[in-house]
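Colleague: Please take a close look at one part of this model for me, its surface. Keep the terms clear, as I am new to them.

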Amino acid sequence: MAGPQPQAEHSRAAPTGVSLTGGSWLDLGLAAAVTAAVALVWAHRRRRYTPARSPPTCA
């Protein structure tokens with residue numbers, strides 16, 4: 001009579017990613033791509049920014 005056979009453990013690693021509000025989920029790779037795109041747009045806008053001239057004041 002054979003003893004109980006050991007069951008294979010199906011250990012699934014927790015998925016890596018970012019949980020968003022509303023229950024949405026982004027994979028870590030997609031979250032990194034979105035972050036990189038936002039950083040590039042921000043850097044481009046910052047480089048192109050020209051402050052508005054203040055209007056002349058009447059004395």
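Modeller: Start with accessible area: it comes from the Shrake-Rupley method with a 1.4 Å probe, and for residues only the protein chains shown count as cover. By that method, the protein chain exposes about 6200 Å². Carbon and sulfur atoms supply 60% of that area.

This is a predicted model, where local features need pLDDT of at least 70, side-chain atom pairs count only at pLDDT 80 or more, and totals for chains, interfaces and linings use all residues. Residues are numbered from 1 along each chain as its sequence is written, and side-chain values use heavy atoms, without hydrogens and water. The mean pLDDT (the predictor's confidence in each residue, from 0 to 100) of the protein chain is 82. Of its residues, 80% reach 70 or more.

Of the 59 residues, 3% count as buried. Buried means under 20% relative accessible area, exposed means over 50%, and partly exposed lies in between (1.4 Å probe, protein chains only).

The elements run β-β-α from the N terminus. Helices (H or I, at least four residues) and strands (E, at least two) are DSSP runs, numbered from the N terminus.

Now the patch. L30, V34 and V38 form a nonpolar one on the surface. Together they have about 250 Å² of accessible area. A patch takes residues with over 30% relative accessible area and no salt bridge, joining like charges within 9 Å and nonpolar side chains (Val, Leu, Ile, Met, Phe, Trp, Tyr) within 5 Å. A salt bridge is a side-chain nitrogen of Lys or Arg within 4 Å of a carboxyl oxygen of Asp or Glu. L30 sits in helix α1. Its relative accessible area is 45%, so L30 is partly exposed.
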